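Good morning, and thank you for coming.

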Amino acid sequence: MSGRLRIGIDRDVYQVVRKLEDEQPVKVPRLTVTSVYESIRRSNSSLARQKRRPLEDAIERVLTVRKQEIKALEADDDDSDELLEATAAARETDKPKDAFILNKQLTKHWNFGSATPTTTENSPSAQSALPDQKDGEQPTEMEIDSAPTERQSNGEPRLKRRRADRPSKPAVDRSPPTGLSIEDMSGIQETLAQLEIPVLIPLLYPHLYRDVHCKVSPAALLHGPSGCGKTALANALANFVGAPFISVSGSTLTSGISGESEKKIRDIFDEAISLAPCILFIDEIDCIAGKTDNAQKAMETRMVAEINTGMDRLERSTPPGKTVVVLAATSKPDTMDLSVRRRFATEAEMGMPNEKAREEILRTMSQGLALDDDVDFKVLARLTPGYVGADLKSVKITAVNNAVYHQASQSTSQLNGNQSPPDGLDDTQKRLWHLRAAAPANPPDEASSSSIKVTFADFKKAIESTEPAAKREGFSTIPDTSWSKVGAMRDVRQKLEENIIGPITDPERFARVGIRPGAGILLWGPPGCGKTLVAKAVANESKANFISIKGPEVLSKWVGESERAVRKLFARARASAPCIVFFDEMDALVPVRADASVDASTRVVNALLTELDGVDGRRGVFVIGATNRPDIIDPAIRRPGRLGSSVYVGLPSPDERVDILRTLYCNEIPAQYRVAQDQLLADLAKVAHDARCHNFSGADLVHLLQAAGKACLRRVEAEKDTIITIEDWETALNEVKPSVKDLDKYQRLLDAGE
C-alpha cells in the first residue's frame with residue numbers, strides 16, 4: 001500500500017471515529033478497534049472494501065491520536081476557554097471568514113505527530129499558543145518552530161520556517177578496538193606471516209614510503225570457512241598497530257532505495273580517506289561484490305563499480321605517508337567479481353586448524369579458567385578434528401556449563417527433607433524444580449571460594465555434544481573408522497601408508513628421499529571387498545578430513561554444471577586441507593573419452609584432470625578412487641602424477657576371512673553375549689575354512705554374521721541364551737551364497753597389469 005493511500009484511509013477513519021464519538025453518550029466507554037471496525041463494516045462501503053489487517057492498523061493509529069488529543073485538551077483547559085472566546089468574537093465581527101475556526105483547530109491533527117493547535121494568523125489564539133513572552137521580546141528559534149502554522153492573506157500557508165537545529169547523531173567510534181590482541185590469536189602463524197609486509201609495514205612505517213616517494217594502497221582478502229577467525233584477526237591487527245578501525249558488514253551497505261547502496265559505499269571510502277592512516281575492514285564482502293555475470297539487478301553491478309572506484313581512489317586521494325589498508329573477509333571467494341578480487345593483491349587463506357593449532361587455540365581460550373589437573377589439551381586437540389576456532393569456543397563454553405551444572409546438581413542434595421516437589425511432575429520437571437529450589441535467593445556479588453573446576457570429563461562431554469559448524473555447512477570431518485574396524489588387508493594397508501598416510505603425517509621423512517605426496521591412488525577390485533572402508537580408515541589414520549563422493553553425484557544435465565561441481569568440490573577440499581577426496585564408482589565419472597566426443601562426460605574428465613594436475617595448487621588434497629571397472633576409466637586419469645598408483649583389493653583368503661570375522665564379531669557383539677575367546681577362534685576358523693565360505697567377500701561375511709544372529713534368535717527364546725554357537729554358523733553357511741560372480745574378469749585384469 002502506498003503512503004498516499006495509507007494517509008487517505010487514516011483521514012477517512014478519523015472522520016468515522018469523530019462521528020462515533022459525537023453519537024456516543026458522555027459516560028459510555030471509549031471506542032475500541034473492534035467496535036470501530038464493525039461500525040465501518042455496517043455503514044461505510046468504501047472503507048469496508050479494504051483488507052482487514054491494514055484497516056485495523058489504521059483504526060489503531062487514529063484511536064492513539066485521539067487519546068493524545070483528548071489529553072492535550074484536558075491539560076489546556078484555560079487555553080481552550082480563550083480559544084472559544086476568540087472564536088465567538090470572530091463570528092460576531094467576520095462570520096464568513098472565521099466561521100469554522102474550531103474545525104480548523106481540530107484539522108491540525110492531520111499531521112499525526114503533532115498536538116499543537118493550528119490557528120490563523122489574525123486569530124488571538126495564535127498568541128496564546130506560543131510560550132509566554134515579554135513585551136518587545138522576539139521568540140526564540142525553538143519557539144518559532146513550535147508556533148502554529150501561519151497563513152497568507154489568500155489562505156495559502158506561509159513558507160516553512162527553518163527548524164531548530166536538532167542534535168546530530170553521535171559519531172561512530174573509529175578508535176582501535178580493544179580487548180583482542182594478536183597474543184590472543186593462536187594457530188594462525190602462516191596467515192600473520194602473509195600479512196606482515198603488505199599490511200603491517202605500511203601502517204607502522206609510513207614515513208619510509210614517503211621517503212622513497214611512493215604511495216601505496218594495500219588490500220588483503222581473508223577467506224576460509226566460517227568461524228575460523230577472519231573477523232577476529234582483523235580486529236587484532238587494528239589493535240596491534242593502533243590505527244583507526246572502520247568495520248562494516250556487506251549486508252549493512254545494501255539498501256532497497258535506488259542509489260542508496262552506492263552512496264553508503266562511497267561514504268565509507270570518503271571516511272577512510274579522511275581518517276588515514278587507518279584500516280577499512282569489509283566483512284562478508286561477497287554480499288556486495290558478487291559476480292556481475294549473474295547479477296539479477298542493476299544495483300549489484302553499480303555496487304561492484306563503486307567498490308572498484310573507491311579502492312582506486314584511495315591511492316590518489318590519500319596524502320603521502322598516510323595509508324589506508326583495506327581488509328576484506330569472505331567464506332565464498334569464488335563468488336566475488338574478478339574485477340574486485342584482482343584489487344586485493346594479497347589473499348590469505350585461513351583454513352581449518354590442524355591438531356597442533358587446535359591445541360594452541362584451546363590453551364589460549366582456557367587461560368584464566370579454573371581447570372582441573374587432568375585436562376590434557378593434546379588429547380582434546382586429537383578429539384576435535386575438523387573444528388575451527390568458533391567450534392572450539394563453543395566446546396569451552398559447553399564444558400564450563402557442564403561443570404556449573406554438575407555443581408548446581410550437587411547443591412540440590414542439600415535441600416531440607418521437608419521440601420518436596422508437587423505431585424504429578426515427571427523426572428525432568430522434578431529435576432528442574434530441585435534446581436530452582438536450591439538456587440540462592442541473593443547470589444553473592446563477589447566470587448566465592450567455591451571448589452568448582454572444569455575437568456577433562458566436562459570437555460570430553462562437550463566435544464560429544466558439539467557438532468562442527470563446517471560439517472553442517474557441507475564440509476567434512478575425519479571419519480570414525482579406524483584400522484581396528486578393518487580385518488586383514490595388510491598388503492593394501494602398507495601401500496596406502498606409503499602413498500598417503502606417510503606423506504601427510506611425516507612429510508619431512510619422505511622429502512629426505514625425494515618422495516613428494518602423490519595426487520592419489522586408485523582402489524579396484526570386486527564389489528564388497530572393503531574399498532570404501534579402507535579409504536575411511538586411511539583418513540582416520542592420517543587425521544585428514546574426508547569427503548566421499550559418488551560418481552554420479554557431480555553429473556548434471558545442464559551444460560557447465562558438472563564442471564562447476566568438480567571445481568567447488570576441490571575448493572571445498574582445499575579449505576578443509578589436509579583432506580582426502582574419495583570418489584566411489586569412479587568409472588561413472590571419468591569413462592574413456594571418444595575421439596570426437598564433446599559431451600558432458602568429456603568435460604567432466606577434463607575438469608578433473610585439471611584439478612588433479614594441481615595447476616591451482618592442491619595444497620594437501622589427496623584423491624582416492626574406487627571402481628569395479630578399471631578397464632573403462634580414461635587412461636589419462638591413471639598416469640603418474642594423478643592416480644598413478646593402483647591397488648587391487650581382492651577377495652580375502654581363508655586366514656583373512658578368519659581375521660575379518662573376528663573383527664566383525666568383536667565390533668558388533670556386546671561382550672556379555674560372546675563365547676569364550678578360544679572357542680570363538682575355533683568356531684571362526686572352522687567357518688572360514690569351510691568350502692561353502694569360498695569366494696566370500698567382506699560384504700558376504702557381514703551378511704553371514706547377520707544370518708548367524710538370526711538363526712540364534714530362531715533357535716532360542718530366553719534372553720540369557722542368545723549367544724551365537726557353531727550351530728548358528730552352520731545354518732548361516734547354508735543360507736548365504738557368494739555375491740561375486742565374474743572372478744575370471746578380475747584375474748585377467750590383474751594379469752594384464754591393470
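F546 stands opposite I580, a residue of β8. This is a predicted model, in which local features need pLDDT of at least 70 and side-chain atom pairs count only at pLDDT 80 or more, while totals for chains, interfaces and linings use all residues. Residues are numbered from 1 along each chain as its sequence is written, and side-chain values use heavy atoms, with hydrogens and water left out.

β7 and β8, the latter covering residues 579-584, pair in the parallel sense over six bridges. Two strands pair if DSSP finds at least two bridges between them; strands (E, at least two residues) and helices (H or I, at least four) are DSSP runs numbered from the N terminus.

Where does this pair belong? An open sheet of five strands runs in the order β7-β8-β9-β6-β10, with parallel pairing. β7 (545-550) and β10 (645-648) each have a single partner strand, so one side of each lacks a neighbour in the sheet. From one strand to the next, the twist averages 20 degrees.

Helix α23 (residues 531-542) packs on this sheet and touches β6 (520-524), β7, β8 and β9 (621-627); contact means heavy atoms within 4.5 Å. The direction of α23 makes about 175 degrees with that of β8. Axes are lines fitted to C-alpha atoms, for helices over the stretch in contact, and angles run from 0 to 180 degrees between N-to-C directions.

Turning to the whole protein chain, its secondary structure comes to 30 helices and 10 strands. Among contacts between residues at least 6 apart in sequence, 77% join residues at least 24 apart.
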